[in-house]
Amino acid sequence: MSDQLGIRIPEGASDRRAGYKTGQRYDTGLLAFVLPSEDAERYTGRLIRSGTEMIGNVHPEEKGYRPAAAFGHLGLPEPETLVRGLRKASLCPDDLASPEGKYLQRCVDLFAHEFTPGTTRIYVRSTIEPSITPPPASSAP
């Protein structure tokens, strides 16, 4: 999934999870991984354009929120429902000239959630045109 989205996962990332949902109009790719917060800050800083800041979630969704492609299927809370420790940004490859952004293949919603002090989960969600062949299924956790 990281190849489909063009999101490089840092070598030291743990708890890597990915999903792909086939839809009627659009498909959706999901990717999540955990980094120490310092590494997550460096990673997001290398992905977003210089001078751009990720914003907090000032209008969270209700606890029962179920997007079309839910991170709940990966055993994770929906990032749109989180407030404390969450930052978010939307990125597209056509206007992104940053060290990591040059690999980006499609527009993504990027969330960084420091769920415990010193530990941050990166969430990535992307809409994918259905003409793209879905990635092969994996039995890895």
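**View A. Leu86 and His113 in the pairing of strands β4 and β5.** In this predicted model, Leu86 stands opposite His113 of strand β5, and β4 is joined to β5 (residues 108-116) in the antiparallel sense by six bridges. Strands are DSSP runs of E with at least two residues and helices are runs of H or I with at least four, numbered from the N terminus, and two strands pair if DSSP finds at least two bridges between them. Residues are numbered from 1 along each chain as its sequence is written. Local features need pLDDT of at least 70, side-chain atom pairs count only at pLDDT 80 or more, totals for chains, interfaces and linings use all residues, and side-chain values use heavy atoms, with hydrogens and water left out.

**View B. Ile55 in the pairing of strands β3 and β4.** Strand β3 (residues 55-56) runs antiparallel to β4 (residues 86-91) over two bridges, with Ile55 standing opposite Lys88 of β4.

**View C. Phe33 and Tyr43.** The structure holds two aromatic pairs (Phe, Tyr or six-membered Trp rings with centres within 6.5 Å; planes under 30 degrees apart are stacked, over 60 edge-to-face, the rest tilted). Phe33 lies in strand β2 (residues 27-36) and Tyr43 in helix α2 (residues 37-47), 10 residues apart.

**View D. Phe71 and Tyr123.** Phe71 and Tyr123 form an edge-to-face pair, 4.9 Å centre to centre with 85 degrees between the planes. This pair links the loop between β3 and β4, which holds Phe71, to Tyr123 in strand β6 (residues 119-128), 52 residues apart.
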